Amino acid sequence: MKTKRYALACDLKDNPELIAEYIKLHKNVWPEILESIKAAGIEDMEIFNIENRLFMIMEVNDDFSFDKKAEMDINNPKVQEWENFMWKFQQELPMAKPGEKWMLLDSIFKL
């Protein structure tokens with residue numbers, strides 16, 4: 001299967017203690033969350049951080065769609081628990097709609 005790449009951004013609350021805890025939690029993500037990511041067709045995922053800004057790169061297979069992932073997440077109590085917990089650390093980007101965490105970035109350059 002071929003892969004497609006997406007880039008997304010999200011902000012953390014501008015609090016050094018919360019940022020440090022968020023980074024620590026992502027060194028040992030709950031196994032159910034990792035399983036749900038893979039089950040959605042996400043082949044690879046990396047999250048980068050600078051101050052309170054997060055940047056995610058996802059490589060997905062042909063089975064992936066954002067709608068399918070959203071439906072799977074809504075129906076997975078453990079994912080809902082994780083996402084609600086993450087709101088302790090995350091906040092919307094300034095241009096986000098209420099409740100919108102990760103926002104898809106547009107590609108503007110490729111070598």
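Student: Where does Asp73 lie?

Tutor: Please keep in mind that this is a predicted model. Asp73 belongs to helix α3, which covers residues 66-74.

Student: Is Asp73 buried or exposed?

Tutor: Asp73 is buried, as its relative accessible area is 16%. The cut-off for buried is under 20%.

Student: Leaving aside neighbours within four places in sequence, which residues is Asp73 in contact with?

Tutor: Beyond those neighbours, Asp73 makes contact with Val79 and Gln80.

Student: Which residue forms a salt bridge with Asp73?

Tutor: The partner is Lys69, and the closest N and O atoms of the two are 2.7 Å apart. The side chains of Lys69 and Asp73 are also joined by a polar contact of 2.7 Å.

Student: How are Lys69 and Asp73 placed along the helix?

Tutor: Lys69 is likewise found in helix α3. The two residues are separated by about one helical turn, because Lys69 and Asp73 are 4 residues apart in helix α3.

Student: Why can such side chains pair at all?

Tutor: Side chains of opposite charge can pair when their charged atoms come close.

Student: And Lys69, buried or exposed?

Tutor: Lys69 is buried, with 14% relative accessible area. Asp73 counts as buried too, at 16%.

Student: What is Lys69 in contact with, apart from neighbours within four places in sequence?

Tutor: With those neighbours left aside, Lys69 is in contact with Ser36, Ile37, Ala40, Ile42 and Phe64. For Ile37, the C-alpha to C-alpha distance from Lys69 is 8.2 Å, while the two are 32 residues apart in sequence.

Student: How many salt bridges does the structure hold?

Tutor: There are 6 salt bridges in the structure. Another one is formed by Glu81 and Lys78, whose closest N and O atoms are 3.4 Å apart.

Student: How are Glu81 and Lys78 arranged in helix α4?

Tutor: Helix α4 comprises residues 77-86, and Glu81 and Lys78 are 3 residues apart in it, so about one helical turn separates them. Glu81 is partly exposed, at 41% relative accessible area. Lys78 also counts as partly exposed, at 29% relative accessibility.

Student: What about Glu83, which residue does it form a salt bridge with?

Tutor: Glu83 forms a salt bridge with Lys101, with 2.8 Å between the closest N and O atoms. This pair links distant parts of the chain, 18 residues apart: Glu83 is in helix α4, and Lys101 is in the loop between β4 (90-91) and β5 (103-104).

Student: How accessible is Glu83, and how accessible is Lys101?

Tutor: Glu83 is partly exposed, with a relative accessible area of 26%, whereas Lys101 counts as buried at 9%.

Student: Switching to aromatics, how many aromatic pairs does a search of the whole structure find?

Tutor: The search finds 8 aromatic pairs. One of them is the tilted pair of Tyr6 and Phe64, with 6.0 Å from centre to centre and 50° between the planes.

Student: Which parts of the chain does that pair tie together?

Tutor: Tyr6 is in strand β1 (residues 4-12) and Phe64 is in the loop between β3 (53-60) and α3, so the pair ties together parts that are 58 residues apart in sequence. Tyr6 counts as buried at 17% relative accessibility, and Phe64 is buried at 10%. Phe64 is also one of the residues in contact with Lys69.

Student: How are the rings of Phe48 and Phe55 set?

Tutor: Their ring centres are 6.2 Å apart and their planes are at 40°, so the pair is tilted. Phe48 is partly exposed at 40% relative accessible area, and Phe55 is partly exposed at 31%.

Student: Which residues make a nonpolar surface patch?

Tutor: Phe48, Phe55 and Leu105 make a nonpolar surface patch of about 240 Å². Leu105 is in the segment after β5 and is partly exposed, with a relative accessible area of 35%.

Student: One last item: which residues form an aromatic cluster?

Tutor: One aromatic cluster is formed by Tyr22, Trp30, Trp82, Phe85 and Phe89.

Terms used:
Residues are numbered from 1 along each chain as its sequence is written. This is a predicted model: local features need pLDDT of at least 70, side-chain atom pairs count only at pLDDT 80 or more; totals for chains, interfaces and linings use all residues. Side-chain values use heavy atoms; hydrogens and water are left out. Buried means under 20% relative accessible area, exposed over 50%, partly exposed in between (1.4 Å probe, protein chains only). Contact means heavy atoms within 4.5 Å. A polar contact is a pair of N or O atoms within 3.5 Å; within protein, one must be able to donate a hydrogen and the other to accept it, and residues adjacent in sequence count only if both atoms are side-chain atoms. A salt bridge is a side-chain nitrogen of Lys or Arg within 4 Å of a carboxyl oxygen of Asp or Glu. Patches are made of residues with over 30% relative accessible area and no salt bridge: like charges are joined within 9 Å, nonpolar side chains (Val, Leu, Ile, Met, Phe, Trp, Tyr) within 5 Å. Accessible areas come from the Shrake-Rupley method with a 1.4 Å probe; for residues, only the protein chains shown count as cover. Rings of Phe, Tyr and Trp (its six-membered ring) pair if their centres lie within 6.5 Å; planes under 30 degrees apart count as stacked, over 60 as edge-to-face and the rest as tilted.
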